[in-house]
Amino acid sequence: MMSDILALDIETANFSHEIGGFGNTAMFEITVAATYDGINKTIYCNEEIEADNDIVVKELHPKTLGQDLEDFISKGGKVIGHNLTGFDLPVLRDSLDCWAAGEILKNKTYFDTANGLQKALGHRIGLEDAVRHTLGKSKYLDSEDAPFLWKQGRHSEVAAYCLNDSELTFNLYNHILEEGVVKSRSLETGDIIEVNITW
């Protein structure tokens, strides 16, 4: 049975400050996209990378990624991601010309975990903080490291990091769905607190 959730993450070769801010979505240079549905792990990349045998590697092309996203949505699924509506989907739509990303945004066939957590906690929380306190897991890298590593030719590391972020997002989403709680550091006291949350 197919999962109805597909976690999506992307990485870029450049930083927002190099292109005049996050609003200039068409100027980002996407290097990797990755998806995870609880079983299937897919990396989209145009550089040669090393990947485990259980990972499917495809070209990073609007038709390839777009068709996969469209097929998933057409079967009743939705795409999830952390800051999906503020970054990943707009950049895919405007930089890669991926029509499916625009359709997902327009039709609201997505769930943004960053927005969901902000509503529950009253403030923004990064994926690292959310998974560290809630799942006891950690990201491979800081997001800021990925463009530097990519420019150094460490493409496999960036691809693995991107896929891992999509897996962490998937697991966080499902954990909160099943348990109804998220753990976060309180801005007021600095203590780790448990907050009830409904998705």
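Which residue just after H2 takes a positive phi? Asp97 does, at about 55 degrees; the legends below return to this residue.

**Notes for all views.** This is a predicted model, in which local features need pLDDT of at least 70 and side-chain atom pairs count only at pLDDT 80 or more, whereas totals for chains, interfaces and linings use all residues. Residues are numbered from 1 along each chain as its sequence is written, and side-chain values use heavy atoms, with hydrogens and water left out.

**Figure 1. The whole protein chain.** The chain has 7 helices and 8 strands; helices (H or I, at least four residues) and strands (E, at least two) are DSSP runs numbered from the N terminus. Along the principal axes, the C-alpha atoms fill a box of roughly 45 × 40 × 35 Å. Of the 199 residues, 50% count as buried. Buried means under 20% relative accessible area, exposed means over 50%, and partly exposed is in between, with a 1.4 Å probe and protein chains only. Residues 24 or more positions apart account for 65% of the contacts with a separation of 6 or more, contact meaning heavy atoms within 4.5 Å.

**Figure 2. Surface and charges of the protein chain.** The chain exposes about 10,000 Å², and carbon and sulfur atoms supply 45% of this area. Accessible areas come from the Shrake-Rupley method with a 1.4 Å probe; for residues, only the protein chains shown count as cover. The mean positions of the 17 positive and 33 negative charges are 5 Å apart. Lys and Arg count as positive and Asp and Glu as negative, while His and the chain ends are not counted. Each charge is placed at NZ of Lys, CZ of Arg, CG of Asp or CD of Glu.

**Figure 3. The largest nonpolar core.** A nonpolar core is a set of buried Ala, Val, Leu, Ile, Met, Phe, Trp, Tyr and Cys residues joined through side-chain atoms within 4.5 Å. The largest one has 24 residues, and those with the most contacts inside it are Leu65, Leu69, Leu92 and Cys98. At least two residues of this core come from each of strand E1 (5-12), strand E2 (30-36), helix H1 (62-74), helix H2 (84-95) and helix H3 (99-107). H2 gives the most, with 5 residues. Apart from neighbours within four places in sequence, Leu92 is in contact with Leu8, Ile10, Ile30, Leu65, Asp97, Cys98 and Ala101. A second, separate core of 16 residues includes Val32, Ile43, Ile49 and Cys162. In soluble globular proteins, nonpolar side chains tend to be buried together.

**Figure 4. Helix H2 and Thr85.** The buried residues of H2 are Leu84, Phe87, Asp88, Leu89, Pro90, Val91 and Leu92. Their cover includes E1, E2, H1, strand E5 (78-81), H3 and strand E6 (110-112). Beyond its neighbours within four places in sequence, Thr85 is in contact with Pro90, Leu105, Tyr110, Asp112 and Asn115.

**Figure 5. Loops on either side of H2.** Asn83 is found in the loop between E5 and H2, and Asp97 in the loop between H2 and H3. Most residues other than glycine have a negative phi. Asn83 has a positive phi of about 70 degrees although it is not a glycine, and the phi of Asp97, also not a glycine, is positive at about 55 degrees. Asn83 is partly exposed, with a relative accessible area of 27%, whereas Asp97 is exposed, at 56%.

**Figure 6. Helix H3.** Ala100, Ala101, Gly102, Ile104 and Leu105 are buried in H3. H1, E5, H2 and E6 are among the elements that cover them. Just after H3, Lys108 takes a positive phi of about 55 degrees.

**Figure 7. Ser186 and its loop.** Ser186 is placed in the loop between strand E7 (181-185) and strand E8 (192-196). Its relative accessible area is 10%, so Ser186 counts as buried. Neighbours within four places in sequence aside, Ser186 is in contact with Asp191 and Ile193.
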